[in-house]
Amino acid sequence: MEWAIIVVVVVVVFVFISLTVKIVPQQRVGVVERLGKFHRLLTPGLNILIPVFDHVRVYHDLRIQQANVPPQTVITKDNVQVQIDTIIFYQVVGPEQATYGISDYVYGVRNITTATMRQIIGKMELDETLSGREKISSDIRIALDEATEKWGVRIERVEVIDIKPPLDIQDAMDKQMKAERNKRAIVLEAEAAKQDMILRAEGDKQSKILKAEGDKEARIREAEGLRQAQELEALGEAKAIEAVAEAEKARIQMLREAGLDEQVLAYRSFEALTEVSKGSANKVFIPSNAIETLGSIGAIGEMFKSKEGKK
């Protein structure tokens, strides 16, 4: 009997402690009711309750949660059925409102998402739907924020995972995409050929320009060399003439220093002419106006001979 009493006491004490002491993990919170009415929240750590009077209604996870919305078949504005798969990220920010504001906020979020999606897609055409994931997600989130604000739930993000049109439309889209790819490939090939022709023409143009520049430079240098050669030749001739003039000048000066004036020089020239005319094949023609001059030259010759005889 004593062992039985001890066991009963231990069990009662254990039950009393389990009902009195509550340890709540981090990022979790408990809703406590006292005599069926909301009393307080259990915060992370050690919490003490009054057995029988206090009761933990529910625990809420305060971390960001995700809820997958089952794929929904909706009809677009142009009467095309599409299947949309959506996922929602939410967080409980008001445990009391999440407990008493709605019976199941996750179910409510899914239903609002489905209804809002039908309204949004019904105003959009197929092409706009396929390219408007961001707009659809934004509109769904705005609608959810308005509803879940009273539930103590905050919608963090809405993502449209997939949009599937009917198979026949998918086949048509695949063919259109393939044709578009082929078109782009042809355009790119033509553009590459065009660029190749342009580059070749540009290279040929540059080659001709460089060749013309080279020919021009060669002609300029050739003309410059010819000009310099002519200048040097003219300079040489000028110097040669100058040297001959200087020599003639020196010879005349020497003749003058030797006492030979212009008349003597004329006589010497006449003697040279006489020697030339001695040949049988040589004929000398003397103008009539030169006879007086020749008479003077003869007188000069006599004078010169007399001078030489005295020497």
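Core. I began with the largest nonpolar core, which has 29 residues; V82, I84, Y105 and I136 have the most contacts inside it. I took such a core as buried Ala, Val, Leu, Ile, Met, Phe, Trp, Tyr and Cys residues joined through side-chain atoms within 4.5 Å. Buried is under 20% relative accessible area, exposed over 50%, partly exposed in between (1.4 Å probe, protein chains only). Strand 6, strand 7, helix 3 (105-121), helix 5 (133-148) and strand 8 (153-164) each give two or more residues to this core. Helix 3 supplies the largest share, six residues. Helices (H or I, at least four residues) and strands (E, at least two) are DSSP runs numbered from the N terminus.

Source. The model is predicted: local features need pLDDT of at least 70, side-chain atom pairs count only at pLDDT 80 or more, and totals for chains, interfaces and linings use all residues. Residues are numbered from 1 along each chain as its sequence is written, and side-chain values use heavy atoms, with hydrogens and water left out.

Loop between strand 6 (65-75) and strand 7 (81-92). I found D78 here, partly exposed at a relative accessible area of 34%. N79 lies in this loop too; N79 is exposed at 67% and has a positive phi near 60 degrees, though not a glycine.

Other positive phi. I noted Q27, also not a glycine, at about 65 degrees. Q27 sits in the loop between strand 1 (21-24) and strand 2 (28-34) and is partly exposed, with 33% relative accessibility.
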